[in-house]
Amino acid sequence: MRPTINLLVTILFVKTLCAQQINIIPQPAEMEVGKGFLTIKQPVGFIYNDDVPGNYGVSFFKDYLKKYYKISQFKEGTEHSYGFPTEIFIDYSTSIKDDRYELAVDKKGIYVHGNAKGLFYAFQTLIQLLPTPDKILPNTNIQIPFVSIKDSPRFAYRGMHLDVGRHFFPVSFIKKYIDYLALHKFNTFHWHLTEDQGWRIEIKKYPKLTQVGAWRNGTIIGRYPGKGNDGKRYGGYYTQAQIKDVVAYAQKRYITILPEIELPGHASAAIAAYPELSCFPNEPTIRYFNKQCTWSGDSTGKQVQQTWGVFNDVFCAGKENTFKFLQDVMDEVLALFPSKVIHVGGDESPKENWKKCPRCQGRMKEKGLKDEHELQSYFIQRMEKYLNSKGRTLIGWDEILEGGLAPKALVMSWRGEEGGIAAAKQNHDVVMTPGGWVYFDHSQTQNEDSVTIGGYTSIEKTYSYEPVPAVLNAQEAKHVLGAQGNVWTEYMENTRKVEYMIFPRMSALSEVLWSPKAKRNWQDFEKRLQTQFKRYDLWKANYSKAYFDLKATILPAPSNSGLLWQLETKSSEPITINFNRGDSIWAYTEPQLIDQNTDAYAHNKNTRITQRFLFNKATAKKITLTTTPSNKYPGDGAFTLVNGVQNEKGLGKSTEFLGFEGPDCEVVIDLGSAQTISSAIIHTLSSGGSWVYPPQYVEIFISQDGQSFTSAGKSERFETTNGSNGVVKVSFTPVSARYIKVLVKNFGLIPTGLSGAGNRAWLFVDEIEVN
């Protein structure tokens, strides 16, 4: 029976806690707000029209009320009203086949309608109608607004990922993480269980995977390549009993766990346990270890990796026992995880060992494979056939496209959207997870407050993401199942850091995936986000307040006469500034002109920032790029190279660079008038583990008219200045010139023996000095 819902005004004369506005994330598809509030009084009665399988939505809601609102008295009944102080009418439907639901609140009570999963989502929305007080006192009345909602998700796949290989997290946190997903209406938890740095799942047939592969003898300290090694034995794993418990926990929240077993790369931990899985079992792991990093403990034989990056020691594709091992592992994985889809990784698998391995070369000859990319395709397709025979479907990172895509495979597109687009055009289903928008290991603040892998992905950028690329036609677009946020944990050593990195960006992504595209509005989301911050506080979740940061932008002053330092913040707190630590401190009201070397300081209640500006003859001058940087590392455009800011933190401040994946960097600088010059210094980067290499050379050209250029000098010498930062200095005979052309030659294809071998090198360019 569906009770009649009338939205009427309720007048209350008691002190209550109420939600003054409705601030639901993700935004419902349809919502009509009434006038008035319903007071939730105990006991809360749950009235059913039928038995609900599992009844997980009600259980979750009861637990939430107990934990956060001190409401603990509940009653249950059939469709007939029992006159409970607060009644929740649960209209369960077996005819609804999707995730839609209806929710209404009026003076008679609360009404929810849907199938079992839809009812669960209805209760998540109901939770967000509750007020978010700082403290709940005993006997406090709780009010929720009158409202009518009809809602359903836009995408079928709404995922969050967690890497437990680099750093391990206890079951208690895995369950909390799943609860966070449930509260945001995500439906997939991608559990990344194996890595070079640790194997985290018990496989009973291969006990050394956890006896040996789950533990490393140390971890590098700080950002790669590190400032030493902590020398601490580190690791952990999940027993099969624990995994079954977590899977059941997720099922009660309508979340599918997508397990990932990495192959053929990222296999160092498995190889440490069973060296025969390597092409070269007798080669010690330390041979694959970056010499810039510090090793700890035993360096003989195969070991679990102690640093981050990509390693050449991968599963041997030429040995039958490799596939026997992986099939045995999959048998135990499939018994634990009911997911119809199984993730096999497939990313960042170097081909160097395969090129040298007689068995792999023999396999290629036997199968008529023309190169190692086709050998990887053979590897993936063979695993796909095995999974298909067990009734499962394979999904992998977009590298599985190389050499030919397995016939029924799904693709997870992380290196931008290109892989997803290619797969969709081949009629394969895809999940979009491009690094620039949904990699939550990237910094979310430009004012570094802790070590991260680098990059910069603000909550605004995450919210702006559109999972369906415009280049796909309507039929191809149907293959985009949804998207996923990825949490790689090289620099997340504890659970508080994980929470800090996912919140609030996970909330933004939830709206991208659930709400209709036409309903998404950043300004409206910002308003609702203020209440979401209060929910994080209620949950005692650690979250980033980067949204309120001071944000600095450097602009050219009129007529290129200097720099303008522009400050912005979402906070209402006043901003004060100071230059060169002088006695004068003043309130910021407009962009500040800077025309000489300056140490600039600014702060408000939330943030303190410092910026050093160093001037040379090119600073603030007109600059033109003749080659285009990657959209992953666009900096602030060409002006990044003459804005007076010299990077000192490498990839930790990657926004201060222009990044070129393969191409050279070529720019023309207009000094404004002819000037005598004798040198140029190009600030760049060397971080091989991230496939960033110094330039082959830098050549300087000069001109008086900007049309006809002659070479002034060239240098191949890269000098390290600080960590991975470095410069190439080109000196030449003093000469008069107005225009300077700078050619920074990309390292090119990465050769055998270096990280990323066979791929195009990244070239990162920061400041250009002309003197």
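Author: A polar contact is a pair of N or O atoms within 3.5 Å; within protein, one must be able to donate a hydrogen and the other to accept it, and residues adjacent in sequence count only if both atoms are side-chain atoms. This is a predicted model, with local features needing pLDDT of at least 70 and side-chain atom pairs pLDDT 80 or more, while totals for chains, interfaces and linings use all residues. Residues are numbered from 1 along each chain as its sequence is written, and side-chain values use heavy atoms, without hydrogens and water.

Reader: Which residue caps the N-terminal end of H2?

Author: Helices are DSSP runs (H or I, at least four residues), numbered from the N terminus. At H2, a side-chain oxygen lies 3.1 Å from the backbone nitrogen of lysine 117. That oxygen belongs to asparagine 115.

Reader: What does H2 reach from its first C-alpha to its last?

Author: H2 spans residues 116-127, twelve in number.

Reader: Why is H2 largely enclosed by the rest of the structure?

Author: Buried means under 20% relative accessible area (1.4 Å probe, protein chains only). Phe120, Tyr121 and Phe123 are among the buried residues of H2. H2 is largely enclosed because its buried residues number eleven of the twelve.

Reader: Which helix is included in what covers the buried residues of H11?

Author: H11 runs over residues 418-425, with Gly419, Gly420, Ile421, Ala423 and Ala424 buried. The cover includes strands (E, at least two residues), namely E18 (410-413) and E19 (430-432). It also includes helix H14 (474-477).

Note on methods:
Buried < 20%, exposed > 50% of the residue type's maximum accessible area, 1.4 Å probe, protein only. Contact = heavy atoms within 4.5 Å. Expected span 1.5 Å × (residues − 1).
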